[in-house]
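Visitor: I'd like a close look at one stretch of this protein, with the cut-offs stated as you go. Could you begin with a loop and then carry on to what surrounds it?

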Amino acid sequence: MIDGKDQIVGVDIDLANEIAKELGVKVEVMDMEFNAVLAALQQGKVNLAISGISATEERQQTFDFSDNYFAPPQKMVINKENANELTSLKNFAKKKVGAQKGSVQEDVVKEQVPDAQLVSVAKVPNLIIELKQGSIDGLVLEETVANSYIENNPELMLADVDLVSSDEEAYAIALPKGEEDLQKKVNQVIKELQSSGKMDEFIKKNTELAKKAEE
């Protein structure tokens, strides 16, 4: 809440604002569910898609992408009461494992926990509720997001299991095909933010905001 109004915040918003400064334009944010973001870009409703998107081979057939701006490790979140039972990925066989609908975490579950039952939900907070209630047994999130929810939900923890991260899981900005000039300018902004340490500052600041929102 800023001046009594809801404001959309996050690393992606900070990044969008920095790109807008470089381009000399004003940012207009369109808030939508994750699985609708790329569709909006394909339909020409938005110029850039910045929403924790990974440049998978399948997506690269339809869109161009910027350089990666963040490479998050993937983690499995569980209830502490199940810690002794869920000690390896094999223990998740026939268990229900959640992931945000349309996200790379869905692929992580499909590829690395293939014997589990994937539960896809549009909003992460709803998945957290399902995990706390026992409707699902595990939840795959990127590490920063996972730690933020765990800090504010003491009954949850990271499972002691290994999920392998790949370059395809790193976050990049999606652009329409053929926007080479825009792609170069976006990559320049990303490079400057990373080299100056400002990207790390964005991540730290917004992680703290997420924690406060949960309190």
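Guide: Happy to. Lys 94 sits in the loop between β3 (74-79) and β4 (96-100); strands (E, at least two residues) and helices (H or I, at least four) are DSSP runs, numbered from the N terminus. This is a predicted model, in which local features need pLDDT of at least 70 and side-chain atom pairs count only at pLDDT 80 or more, while totals for chains, interfaces and linings use all residues. Residues are numbered from 1 along each chain as its sequence is written, and side-chain values use heavy atoms, leaving out hydrogens and water.

The backbone of Lys 94 deserves a look: its phi is near 65 degrees, a positive value in a residue other than glycine. Most residues other than glycine have a negative phi. Lys 94 is also exposed, at a relative accessible area of 77%. Here exposed means over 50% relative accessible area, buried under 20% and partly exposed in between, with a 1.4 Å probe and protein chains only.

Which residues of α5 are buried? They are Val 124, Leu 127, Ile 128 and Leu 131. Viewed down the axis of α5, these buried residues fall within an arc of 105 degrees, so they line one face of the helix. The arc is taken from the directions that run from the helix axis to the C-beta atoms. As background, an α-helix has 3.6 residues a turn, so residues three or four places apart point the same way. After α5 comes Gly 134, with a positive phi near 90 degrees.

At the start of α6, a side-chain oxygen of Glu 142 comes to within 2.8 Å of the backbone nitrogen of Thr 144.

Lys 132 belongs to helix α5 (residues 124-133) and Glu 155 to the loop between α6 and β7 (156-158), 23 residues apart. Lys 132 is partly exposed at 38% relative accessible area, and Glu 155 is partly exposed at 33%. The rule is a side-chain nitrogen of Lys or Arg within 4 Å of a carboxyl oxygen of Asp or Glu, and by it the count comes to six salt bridges.

Another of these pairs is Asp 14 with Lys 205, their closest N and O atoms being 2.9 Å apart. Asp 14 lies in helix α1 (residues 11-23) and Lys 205 in helix α8 (residues 198-214), so the pair ties together parts 191 residues apart in sequence. Asp 14 counts as buried at 13% relative accessibility, whereas Lys 205 counts as partly exposed at 37%. Lys 198 and Glu 18 form a further salt bridge, 3.4 Å from N to O. With Lys 198 in helix α8 and Glu 18 in helix α1, this pair ties together parts that are 180 residues apart in sequence. Glu 18 is buried at 15%, and Lys 198 counts as partly exposed at 31%. A network of salt bridges links Glu 18, Lys 21 and Lys 198.

What about the geometry of α1? Its end C-alpha atoms are 19 Å apart, which agrees with the 18 Å that its 13 residues should span at 1.5 Å a residue; the expected span is 1.5 Å times one less than the number of residues. The buried residues of α1 include Val 11, Ile 13, Leu 15 and Ile 19. Just after α1, Gly 24 takes a positive phi of about 70 degrees.

Note on methods: Polar contact = N/O pair within 3.5 Å; in protein donor to acceptor, adjacent residues only side chain to side chain.
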